[in-house]
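Biologist: I'm new to this one and would like a close look at a single part of it. Could you put it up first?

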Amino acid sequence: MRKILLFILICLEMLFAELNVTITDSNESNLTEIVTEPTPNQLAREKLKHEIEAKQLEAQKKEEERRKKEAEKRRLEEEKKRQILEARLTALIEEKKKIDEYLTKENLWNRVYSNHETYQLLTLELEEVNEKIRLLREKYALSKEEKKQLSTYIEDSQIIEGKLSLLSEYKDNPFSSLIEAPKIEKEPSVTNPIDIITAMSFEKQIESVHEDYKKRYESLENAVSKLKRKSEILQEMVLKTRGKIYNEYVSELRNIENKLSDFKGTRNMLKIREEAFDRDISQIKFKINKGISDEIKKSIVTGSIILFLLLLFVLIKFLVKKYMSENELYYGTNKVINFLFIMVVFLILLFSYLEDVENLVTVLSFASAGIAIALKDWFMSLMGWVVILVSGSLHVGDRVKFVKDGVEYVGDIVDISVLRMTMHEDVTYTTVFQNRRSGRMIFIPNNYIFTDMIANYSHSGLKTVWDGIDFVVTFDSNIPRAQAIAKEVTRKYSKGYTDMTRKQLNRLRSKYSMRNTAVEPRILSFLESYGVTISAWYLTNAYATLTLRSTISMEILAQLKEADDIFLAYPSQSLYMDKPASIQKEKPELPLEDTNKTPSKPTSKYKPDDWGLY
């Protein structure tokens with residue numbers, strides 16, 4: 001602007017000078033005209049001269065205006081360039097700020113490298129502080145101020161050393177832990193269907209690790225690209241700036257170039273390791289997928305075999321149920337079929353999914369002695385189960401009696417498993433007169449058939465047992481009539497069981513050597529100290545002995561009460577004071593429970609309801 005103004009001033013001075021010369025010339029010419037009158041040629045030349053001067057003046061004005069316009073144009077262009085440069089620098093600074101923000105907050109690699117830079121700066125700072133400490137200590141005498149400075153420098157040195165100890169892992173290679181490939185455990189072997197789930201979970205796990213490692217490389221690649229862009233921005237800003245800010249940008253550019261060089265070297269190393277890690281992951285996934293595929297095929301084959309066996313066993317059970325459902329062997333046969341199916345399936349699964357069966361057999365052979373001793377009762381129960389199934393001595397539904405520690409248990413077998421039998425205790429003579437407990441579920445180990453006696457009330461279809469009723473009559477009673485009453489009553493109420501037992505025993509003669517097969521009621525008489533005991537024995541249902549025993553007892557009692565010459569006896573004594581004993585006919589004695597009642601004439605016919613029967 002100053003040059004333009006100076007140029008305009010010079011032009012104006014020149015213009016005024018020419019105007020003065022022209023005025024002077026015109027004055028001189030006027031004087032000449034006054035003195036001498038010009039000729040026509042002089043006038044023409046003079047006119048031409050004036051026209052030329054006017055044109056020159058006009059040309060000078062145009063030139064001056066053109067120069068002014070060009071100067072203004074250059075000024076505007078320079079102003080525009082300045083504005084464009086400022087806008088460009090502003091955009092570059094803004095972009096650089098965004099790059100710095102990304103590298104500082106979002107990029108792991110730059111944060112780790114910043115720790116390395118901090119370590120280097122702290123190292124330089126420590127060297128400077130130590131140098132100052134050294135210089136102060138080399139002095140012969142220190143002033144109070146210098147001693148204070150020395151103490152401050154020592155404290156600063158200790159603080160810096162503490163920070164360096166915390167950042168020691170970033171001393172040489174800050175990226176050593178980041179570029180190291182993750183350690184992967186050995187892939188699981190797929191030997192059974194459950195291992196498929198484990199293998200798939202392991203595959204997802206290593207895939208996740210692989211993705212994290214890939215993201216780590218992508219993050220480093222992003223950091224390298226951002227640093228490249230920042231370097232380009234700084235280069236452009238260095239070219240477009242001057243002065244102090246120029247020096248700052250140059251220093252920052254050098255740091256970025258060094259950092260970029262380190263990042264590029266790390267990226268190349270990480271790329272090599274990432275490719276090797278990718279190959280390892282691919283190989284592991286191939287092995288896992290192959291193992292899963294093979295195991296699925298094997299599982300399909302094994303499942304098909306088991307399904308075929310299941311259908312076969314279902315067919316066998318259907319046939320057994322159809323043709324043996326009414327047979328007492330049906331329950332045991334059904335149990336054996338279930339056990340065989342489970343054992344066959346177990347063996348199939350064992351040999352399909354156990355890798356080293358030979359080693360298992362070897363270990364079991366060495367451990368068999370110890371196992372046999374430790375699990376003796378189990379093995380004995382298992383053998384007992386086999387004996388029970390094969391021999392047929394016990395079946396589900398049989399009425400049996402077990403004795404344990406002097407206590408008798410009578411009931412029905414409701415289940416026979418591999419290790420034990422389950423018995424449901426019923427109300428029987430034993431529970432009424434001995435245990436006073438009933439209805440319990442009692443579990444009997446199968447090995448009891450080897451060590452204890454077991455009474456079976458319903459073996460081989462024999463559903464009846466002998467039961468007896470004893471009563472005592474006096475010596476002077478009509479003993480034959482009492483025996484006849486007992487025989488008549490027992491024969492009457494046990495006739496159905498007698499006929500049934502006769503048929504059952506006839507069938508058992510082909511299986512057992514049976515000599516005494518008499519089934520009619522038996523009446524036995526025995527002399528006792530206070531009378532004659534009549535024992536009436538008869539056949540009754542093994543599952544309902546008490547019901548028939550109660551009915552027969554009350555019927556015999558009713559008929560005995562109707563007889564005038566039969567007297568029930570019970571322990572008694574006769575005392576004679578001051579006179580000899582005389583023989584006299586004993587009067588009928590009332591039953592024990594009726595001693596406090598007045599005797600009444602017995603009814604002619606027995607009614608069960610009178611005795612609480614039903």
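Let's stay with α3: in which crossing, left-handed or right-handed, does α3 pass α4?

Modeller: A word on the ground rules first. This is a predicted model, where local features need pLDDT of at least 70, side-chain atom pairs count only at pLDDT 80 or more, and totals for chains, interfaces and linings use all residues. Residues are numbered from 1 along each chain as its sequence is written, and side-chain values use heavy atoms, with hydrogens and water left out.

Now to your question: α3 passes α4 in a left-handed crossing, meaning that the near helix is turned anticlockwise from the far one by less than a right angle. Helices here are DSSP runs of H or I with at least four residues, strands are E runs of at least two, and both are numbered from the N terminus. The protein chain has 14 helices and 8 strands. Helix α3 covers residues 108–138, while α4 covers residues 144–166.

Their axes come within 9 Å and cross at roughly 155°; such axes are lines fitted to C-alpha atoms, for helices over the stretch in contact, with angles from 0 to 180 degrees between N-to-C directions. That makes α3 roughly antiparallel to α4, a label for angles over 145 degrees. Contact just means heavy atoms within 4.5 Å. On the α3 side, the residues making it include Tyr119, Leu122, Leu126, Val129, Ile133 and Leu136. From α4, the partners include Leu150, Tyr153, Ile154, Ile160 and Leu164.

Next, look at asparagine 110, which also lies in α3. Asparagine 110 has a relative accessible area of 8%, so it is buried, the word for anything under 20% (1.4 Å probe, protein chains only). Its side chain joins that of lysine 259 through a polar contact of 3.0 Å. For a polar contact, a pair of N or O atoms must be within 3.5 Å; within protein, one must be able to donate a hydrogen and the other to accept it, and residues adjacent in sequence count only if both atoms are side-chain atoms. Leaving aside neighbours within four places in sequence, asparagine 110 is in contact with Leu103, Thr104, Lys259 and Phe263.

Stepping back to the chain as a whole, 29% of its 614 residues count as buried. Of the contacts with a separation of 6 or more, 71% come from residues 24 or more positions apart.

Key
Buried means under 20% relative accessible area, exposed over 50%, partly exposed in between (1.4 Å probe, protein chains only). Angles under 35 degrees count as roughly parallel, over 145 as roughly antiparallel, 65 to 115 as roughly perpendicular and the rest as oblique.
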